[in-house]
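Dear colleague,

I am handing over the structure we spoke about, with the sequence and the coordinates placed just below. My notes on what was found in it follow after that, and I would be glad if you read them alongside the model.

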Amino acid sequence: MFDYQFFLEVLIGGLLSGIMYSLVALGFVLIYKTSGVLNFAQGSMLLFAALTFVSLVERGVPFWGAFAATLGVMVLLGVAVERTILRPLVNQPPITLFMATLGLSYVIEGVAQLLWGTQVHGLDLGIEDSPFEVYGVLISQFDLFAAAVAGSLVAAFSLFFRYTRIGLAFRAVADDQYAALAVGLRLPRVWAIVWTAAGVVALVAGLLWGARLGVQFSLSLVVLKALPVLVLGGFDSIAGAIVGGLLIGAIEKLSEVYIGPYFGGGIEGWAAYVVALGFLLIRPAGLFGQKLVERA
Amino acid sequence: MPGASALRQRPDAVLTPRDATAALKAAIGTGVRAQDPSASTAATPVLAIEHVSLAFGGVTALADINLDVWPGEIHAVIGPNGAGKSSLLNVVTGLYQPDRGRVRHGGRPFAHVPTARLARLGVARTFQNLSLFKGLTVLDNIVMGLSAEVRSSFLGQIFGVPAAAREERRHRAAAGEIVEFLHLTEVADRTAGGLPYGIQKRVELGRALVAKPKLLLLDEPMAGMTLTEKRELTGFIRTARDTYGTSIVLIEHDIGVVMGLSDRVAVLDYGRKIADGTPDEVQADQAVIDAYLGVAHDVDVGGGI
Amino acid sequence: MSYLKHLKSAVIASAIAVGFALPAAADEQYFPLQSYRVGPYAAGGTGFFGGFIDYLNLINIRDGGVNGVKLTWSEGETQYEVEKGVEVYERLKNNPGVAAWNPLSVGIAYAMIDRITQDKVPLITVNHGRTDSTDGRVFPYVFPLLLNPYSETSGIVNYIAGKLGGQDKLKGKKIVVLYHGSPYGKETIPIYKLLADKYGFEVQQIEVPHPGNEQQSQWLEIRRAKPDYVVLRGWGVMNPVALKTAQKVGYPVDHIVGNVWSNSEEDVIPAGDAAKGYVAITTQASGEQYPVVQEIVKTVYGAGKGNLEDKKRIGSVYHNLGIVNGILNVEAIRIAQGKFGHRTLTGDEVRWGFEHLQLDAKRVEELGAKGLFHSINVTWKNHEGDGYVTFQQWDGAKWNVVSDWIAPDWALLRPIIEKSAAAYAAEKGIKPRTSEEAPVTTN
Amino acid sequence: MATPVRNTPLVTPERLGVLLLLIVAYGVIPVIGTGYLFDAILTPFLALSLAAVGLNILTGYAGQVSLGSAAFLAVGAFAAFNFNLRVPGLPFVVSIVLAGLTAAAIGIVFGLPSLRLRGFYLAVSTLAAQFFVQWALTKFSWFSNDNPSGVIDAPPLTLAGFAFTGPIGRYLFSLTIVVVITFAVTRLIRSQTGRNFVAVRDHETAARVIGVPVLGTKLVAFGISSFIIGVAGVLWAFAYLRTVETGGFNIDRSFQILFIIIIGGLASLRGAFLGAAFIVVFPLILSRTGAALFGGVFDSGVLEMSQRIGIGALIILFLILEPRGLSALVDRVWDWVRPRRAAALGGATPRSFFIRKLQPKGRT
């Protein structure tokens with residue numbers, strides 16, 4: 001007898017997890033869209049933001065004060081990255097920039113641990129994490145909250161990019177760097193802003209994930225969860241990140257529960273990649289017709 | 001000769017819709033290539049484009065195009081930017097699949113030309129933007145033009161079995177001839193990516209020529225060249241045709257070059273063919289003048305080639 | 001600028017250090033430390049190596065060394081990376097008077113097995129390492145002291161039996177083992193099956209892929225299975241996430257029993273309130289109330305030589321493990337000195353000490369460690385030492401011991417270990433030792 | 001023949017240099033080296049160099065980025081272990097070749113997405129190999145001969161009846177394998193297949209039009225690359241570490257190898273060796289100098305973290321100063337010492353994913 005209630009529970013759990021993946025993926029998308037780089041340092045930015053925040057709170061800074069201060073730090077980081085890394089490497093191929101972000105992740109991790117130590121921290125956002133039941137299906141309150149935050153963040157970014165001058169510049173650059181340059185957009189400024197935005201995403205994702213995992217080094221590993229989302233949804237599509245995240249989350253959980261037992265379990269780690277790849281084989285244009293798939 | 005049998009099955013009847021031009025074609029064919037022993041196959045076009053249409057998301061790129069290229073002929077395709085010239089070449093080489101119509105290579109009809117088999121069909125092309133293998137030397141680039149004829153496996157190549165070594169020597173020798181022919185000896189061992197634009201264009205021509213194709217498609221070979229370079233390259237193209245008997249489809253903006261070099265000229269405008277004939281005919285065509293040559297005065301005459 | 005000042009003092013300090021380091025003191029026993037204070041596992045590394053160094057310092061300051069033989073050490077940072085560990089090994093192994101190696105890293109320990117066997121120096125893998133190295137006949141130089149994974153498994157099952165009211169009560173019960181998707185995590189799968197068959201309980205083993213930061217599906221399965229107990233065989237971030245997710249699916253935390261790598265403050269603090277009531281196995285109790293820890297606080301930290309930067313971590317699980325590890329190393333040297341004389345010993349002599357490392361309850365009390373750990377009884381055949389285990393419960397701020405010292409079912413496990421060791425011996429062409437005095441063969 | 005076919009003289013500075021290196025590697029180093037040099041520096045250096053040579057074929061020459069190299073190291077190591085264990089009497093060198101072939105087969109399977117994907121999409125897809133292989137090797141204990149701890153141990157190293165033991169033996173064993181494969185690879189990259197790699201990398205469409213079998217070329221690249229990385233895995237596991245678990249072949253290792261070829265120089269065999277030397281030696285130098293200078297002032301944690309920052313910053317600085325890698329740097333120094341040297345062989349500036357996006361005003 002197929003247990004529909006259980007299926008539903010796994011599905012909903014997967015979707016809610018997926019939103020958390022989307023949140024991490026969003027940081028990648030922002031940077032990829034404008035500079036064509038997979039920012040490997042996104043994970044360490046996430047760690048750095050969460051660690052800074054939690055360390056400030058532990059030193060007695062009130063919640064919003066710490067939030068504002070961390071936000072400031074992330075802005076500084078964004079600007080610094082543009083100045084010291086992107087600008088000198090402006091014409092380099094994507095793979096070089098990718099390696100530079102790998103170097104950047106070393107720097108950020110080192111600075112984070114040097115500043116705040118290597119201890120693990122608990123992070124309590126004050127959200128009750130006890131479950132409630134809807135028709136016998138268990139739903140986590142915290143996950144709902146996280147989904148709401150992720151959703152509003154995406155909405156905020158969409159509005160920002162649609163209705164502000166900077167947003168327009170962002171879309172122009174994403175569309176065509178040459179053209180953007182030709183009409184006199186200042187690429188460095190757009191990049192600085194985008195990195196700052198990615199920093200903000202890192203902060204929010206860092207707090208939500210940090211509340212789940214604790215704030216510790218492994219926080220930077222959550223990027224591995226975002227990568228299949230990017231393959232499926234496209235590196236350059238905000239909508240793709242959201243839908244891809246939901247899909248990957250759901251598929252991952254369902255396959256672990258229903259297919260995993262045939263292999264002895266633990267297939268979550270690669271199942272998401274295989275599904276994303278399988279999907280692209282059938283539909284090479286991806287979810288939202290990303291470029292770069294198939295021939296350029 | 002993989003195309004030989006296909007040539008024979010090409011029915012002459014297809015020519016009937018345009019008998020008038022057929023006579024002209026024959027004249028050009030014999031005129032230019034009187035001494036060519038293969039002139040007897042002149043009745044079969046090397047390339048025939050039949051009713052080809054192509055649209056990108058509602059925007060028409062090509063509308064019911066017909067075009068025949070005869071052996072030994074230099075057939076130019078001109079038209080304003082966006083007229084569909086490069087799309088036409090991409091259809092001919094199978095990079096695009098036409099929505100309607102067929103392409104015949106040496107008589108064999110294709111709804112979608114198989115790009116991978118192109119070289120074996122005796123077709124070579126150059127690209128509008130440089131398409132050299134920048135990481136290879138000039139000589140190696142030209143050797144690559146013979147890729148379709150490689151038979152040895154990578155193991156044979158690593159271990160240097162006699163057949164592989166012979167093949168490599170043969171291809172290098174063939175490439176060496178082209179290097180000499182195109183006056184590239186000086187730069188033969190230089191990495192292609194670092195050479196001046198004009199020379200890279202010439203290397204690309206060499207890579208296309210080395211396999212002695214029956215049909216050569218040149219997509220704006222002169223773009224961005226200096227006058228001297230253009231003059232040089234024009235000479236090469238003409239000599240190539242005369243030496244190897246290659247038919248050439250030439251897309252070019254420089255009207256002077258086109259009129260001086262081509263046997264026939266087709267004019268595209270908004271995806272339609274509005275004229276096709278000898279340079280003189282085309283220059284006199286009112287539709288062409290309206291659409292394209294209306295501003296004929298500032299056309300670069302290309303130094304009277 | 002302060003940096004310049006630092007630089008200046010650094011130059012002076014290093015000049016002094018170099019000057020003093022050159023002439024080696026008369027009798028010294030040296031501990032090369034492959035520590036990790038940076039990287040993903042730095043929290044554990046600073047605690048463990050901090051405790052180890054603190055204890056060595058205590059012996060030096062309080063006793064002037066072991067019978068007059070000074071203890072020295074130097075650190076090489078590995079970041080928990082295997083090749084860095086190997087590099088440190090090769091770099092430090094030629095220092096005079098190497099006593100033993102204590103990497104506290106599975107990967108590094110594995111890469112050293114061949115090397116230390118050739119170099120004839122003991123390798124101490126307290127609470128970790130390869131299980132079959134318990135068989136000292138095949139692995140003469142490897143010592144998985146205190147607890148190997150098999151004993152741990154048996155200890156956990158015995159604890160659960162005790163909670164239920166006796167081993168006969170296990171019958172018909174259901175236990176889920178949630179394990180880390182790595183060789184480490186998988187190691188006990190057959191043992192849980194074996195014990196389930198023996199005691200008649202049902203066991204379901206569920207894998208969490210590394211790193212384990214997502215466990216939604218696993219815990220939904222657990223919720224559906226409705227087990228009486230869940231054993232958490234975790235590692236790193238997997239532990240707090242397990243506790244958090246358990247709370248999310250409404251599984252009672254006091255029915256989760258953690259294994260020896262799921263038992264530290266670092267594993268529960270990130271889980272916050274979700275960890276309150278969680279129970280985990282340990283070989284050494286935590287807390288600073290034990291005399292030896294108090295002495296370290298007074299003597300070592302009092303003299304400003306304490307190794308932990310964060311004093312709050314004194315008495316934490318990793319710190320106390322480091323201290324216990326220090327006790328075991330120092331006592332092995334002391335025992336070996338009893339046979340070979342009060343001087344710098346060779347690695348092989350220290351091995352002899354470890355193979356006679358028998359600390360009964362009385363000796364443990366003399367060492368100021370009563371209640372910190374139970375006892376140890378290493379022999380040339382048994383390199384684990386019949387470690388007793390205890391269980392601690394997290395109250396939201398600290399660990400509290402909630403059980404007696406529990407003995408694993410050694411007799412049941414020994415044949416399995418010997419079988420695996422024999423397979424290794426066959427693969428490598430090693431002839432197992434047949435008696436204590438038999439020469440140690442290295443291939 | 002008057003054609004400009006490369007008529008390299010028998011003795012070139014390059015060949016002389018390689019010969020000299022070989023003499024030093026075989027004749028001098030074994031005499032003067034210490035155990036530390038062999039076991040901690042040279043053997044891992046050789047294993048990583050070979051892995052980098054393998055990845056360079058795929059990424060540097062054929063232009064397909066892979067983040068799954070560690071998976072193929074693992075496949076090579078575990079396959080060699082099993083062939084050696086389960087086929088009695090099989091010469092060890094045959095085990096190595098079979099291990100390489102196993103890695104090649106799996107590499108081709110995981111290379112299939114390259115027929116559709118490119119750039120970062122492909123790079124991320126190769127992570128599937130990384131996670132799958134690690135999972136499978138852990139999951140099925142058969143691969144590790146049912147060892148309870150999931151580890152495999154090195155069998156005795158023999159080549160052609162000669163047993164290599166001790167630090168020098170293991171070094172010579174690794175050196176011999178690396179030299180043989182590197183020699184084969186130099187031949188490969190100058191062959192038609194090698195040109196096909198570069199052609200596919202530099203202009204896939206043009207390559208297809210010319211008649212290069214694009215799909216086949218990509219899969220051959222994956223196969224050869226995985227073969228070599230698999231053999232490197234044998235060296236890493238058996239000549240260097242000697243007892244390994246799957247955990248050692250994690251994603252960090254994959255990044256390390258990618259990093260080696262980028263820092264060393266894409267599409268340069270010399271770069272693979274320079275990069276590996278940099279990765280193995282440079283952190284040691286940094287850490288030793290740091291400890292010597294500041295050891296008395298800061299505790300080792302602070303020192304190590306500063307070094308991590310230092311390494312990261314240097315990576316970035318290096319990429320800014322010489323994005324084409326150490327190999328290009330050496331060329332530049334060489335040019336400076338001996339001006340007007342003819343341009344180097346092989347691929348200098350890879351295209352598409354690898355080239356600059358906006359054409360700079362300066363040199364290419």
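Confidence in chain B comes first, since this is a predicted model: chain B averages a pLDDT of 80, and 81% of its residues score at least 70. Among the elements of chain B, the lowest mean pLDDT, 36, belongs to helix H1 (residues 4–8) of chain B, while the highest, 94, belongs to helix H4 (residues 138–144) of chain B. Over residues 1–41 of chain B the pLDDT stays under 50, and the model has 45 contacts beyond four places in sequence for that stretch. Residues 296–305 of chain B also have a pLDDT below 50, with 18 contacts in the model beyond near neighbours in sequence. Where pLDDT is low, the predicted coordinates should not be read in detail.

Within chain D, the axes of helix H2 (residues 35–61) and helix H7 (residues 166–190) come within 9 Å and cross at roughly 20°, which makes H2(D) roughly parallel to H7(D). The crossing of H2(D) and H7(D) is left-handed, and the residues that make the contact include Leu42(D), Leu46(D), Leu50(D) and Val53(D) of H2(D) together with Tyr171(D), Leu175(D), Val178(D) and Ile181(D) of H7(D). By class, this contact of H2(D) with H7(D) has 16 nonpolar, five polar and two charged residues.

Another helix pair links chains A and C: helix H10 (residues 238–258) of chain A and helix H8 (residues 216–225) of chain C pack at an angle of about 45°, with their axes 9 Å apart, and H10(A) and H8(C) are therefore oblique to each other. Their crossing is right-handed. In this contact Lys253(A), Glu256(A) and Val257(A) of H10(A) meet Gln216(C), Ser217(C), Leu220(C) and Glu221(C) of H8(C), and these residues divide into two nonpolar, two polar and three charged.

Chain C also holds an open sheet of seven strands in the order E6-E5-E7-E8-E9-E12-E13, with mixed pairing. Its edge strands are strand E6 (202–208) and strand E13 (399–401) of chain C, each of which pairs on one side only, and the twist averages 25° from one strand to the next. Strand E5 (residues 174–180) and strand E7 (residues 229–233) of chain C pair in the parallel sense over five bridges, and Leu178(C) has Leu232(C) in E7(C) as its bridge partner. Helix H7 (residues 189–199) of chain C lies across E5 and E6 of chain C and runs at about 165° to E6(C).

With best regards

Key
Residues are numbered from 1 along each chain as its sequence is written. Chains are lettered from A and ligands numbered from 1 in the order in which they are written. This is a predicted model: local features need pLDDT of at least 70, side-chain atom pairs count only at pLDDT 80 or more; totals for chains, interfaces and linings use all residues. Axes are lines fitted to C-alpha atoms, for helices over the stretch in contact, and angles run from 0 to 180 degrees between N-to-C directions. Helices (H or I, at least four residues) and strands (E, at least two) are DSSP runs, numbered from the N terminus. Angles under 35 degrees count as roughly parallel, over 145 as roughly antiparallel, 65 to 115 as roughly perpendicular and the rest as oblique. A crossing is left-handed if the near helix is turned anticlockwise from the far one by less than a right angle, and right-handed if clockwise. Two residues are in contact if their C-beta atoms, placed from the backbone, lie within 7 Å. Ala, Val, Leu, Ile, Met, Phe, Trp, Tyr, Cys and Pro count as nonpolar, Asp, Glu, Lys and Arg as charged, and the others, Gly among them, as polar. pLDDT is the predictor's confidence in each residue, from 0 to 100. Two strands pair if DSSP finds at least two bridges between them.
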